[in-house]
Amino acid sequence: MKQLLLEVEKRVREKFTDQEGSHDWFHIDRVRKNALLLQKSEGGDAQLIELAALLHDFSDHKYNGGDFQAGQQDVYALLLELHAPEKIAHAVAQIVGVVSYKGALVPDEKTSLEGQIVRDADRLDAIGAIGIARAFAYGGSRGRALYDPAVSPTLHKTKEAYAQDKGHTINHFYEKLLLLQDRMETQSAKVLAANRHQFMLEFLKQFKNDWAAENPDIV
Ligand code: ADP
Ligand code: NI
C-alpha cells in the first residue's frame, strides 16, 4: 500500500507541476494534508482517504474539455495499472466522482465517511485566504473580470449551467465559496471553516469599499 501511495503521488506530481496556481500540485498536497488532519478526529480509512485526496482532481472537467465522467474512469484505470486491488480502485473512483461542487442548487451526492472527508478537505482549500487567492488565479487564467457590479450572481440549478458560467470572480464567492461552510459534513471541517468564512466576508466588504472609493481614513 505504501508503494502504491508513492507511485500515485509521483504520477500526480508530474501531472500537476505545471498547472496554474488554483489547481497545481500544492493544491493537491494541501487537500491531502487537510484530509489526513480531518481523519485524525473523524476516523475512516486513512489510506483510502490519502489516495482519493491525491487523485481528486486527476481529470477535472474544468481542464479536460468538459467531461464529467473522465475523473472517475481515469482514476480507476490508473489504479489498476499500478496494480491496486480492484476494491480500492473502485472505492477511490467513487469518491473522486462526488468531490466536485456542481452548483448552488445542486445537492451534494451521498458518500462514505472517506468521501465526506476528502470533499470537506477540498472545500477547506477553496475558502479563506487561500480560497481567495485560488479564485483570482483561476479567474485570471480564464481571462475573467475581477468584478462587474452590473452582473449579479446566479444560483445554478444544474452542473452544466454552473460549468458554462463565465461570470466575474466576485460572483464566484456568492455562487460557491460562501456556501461551502454550510455544506461541510464533518464536525472538524465545520470548525476549521468558520474563520476562513469570516475572512472572506471581511475581504468582500473591503473590496466593495475600495471599489466604491469609500476610504474611511480620508472622509
Ligand atoms: P471543485 O471540484 O469543487 O470544482 P476544485 O478543487 O477543482 O473544486 O477547485 C475549484 C476552485 O477553482 C474553486 O474553489 C475556485 O478557487 C476555482 N474556481 C472554479 N470556478 C471558478 C470561477 N468561475 N471563478 C473563480 N474561481 C473558480
Ligand atoms: Ni481540488
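Author: The following account turns to the ligand and then to the helix pair.

The model is a predicted one. Around ligand 1 there are 18 residues, and the closest are His23, Lys62, Ser100, Tyr101 and Asp122. Asp122 also takes part in a polar contact: an N or O atom of the Asp122 side chain lies 2.9 Å from an oxygen atom of ligand 1. For the side chain of Asp60, the distance from an N or O atom to an oxygen atom of the ligand is 3.0 Å. The side chain of Arg144 places an N or O atom 3.0 Å from a nitrogen atom of ligand 1. On its own, ligand 1 has 560 Å² of accessible area, of which the protein covers 94%.

As for the helices, helix 7 (residues 128-141) packs with helix 10 (residues 187-211) at an angle of about 55°, and their axes are 7 Å apart. Angles between 35 and 65 degrees count as oblique, and helix 7 and helix 10 are therefore oblique to each other. Helix 7 contributes Gly128, Ala129, Ile132 and Phe136 to the contact, where they meet Arg196, Phe199, Met200 and Phe203 of helix 10. By class, this contact has six nonpolar residues, one polar and one charged.

Terms used. Residues numbered from 1 in each chain as written. Chains lettered and ligands numbered in written order. Predicted model: local features only at pLDDT ≥ 70, side-chain atom pairs only at ≥ 80, totals over all residues. Heavy atoms only, no water. Axes fitted to C-alpha atoms, helices over the stretch in contact; angles between N-to-C directions. Helix = DSSP H or I, 4+ residues; strand = E, 2+ residues; numbered from the N terminus. Parallel < 35°, antiparallel > 145°, perpendicular 65-115°, else oblique. Contact = heavy atoms within 4.5 Å. Nonpolar A, V, L, I, M, F, W, Y, C, P; charged D, E, K, R; others polar. Near = heavy atom within 4 Å. Polar contact = N/O pair within 3.5 Å; in protein donor to acceptor, adjacent residues only side chain to side chain. Areas by Shrake-Rupley, 256 points an atom, 1.4 Å probe, with all protein chains shown as cover.
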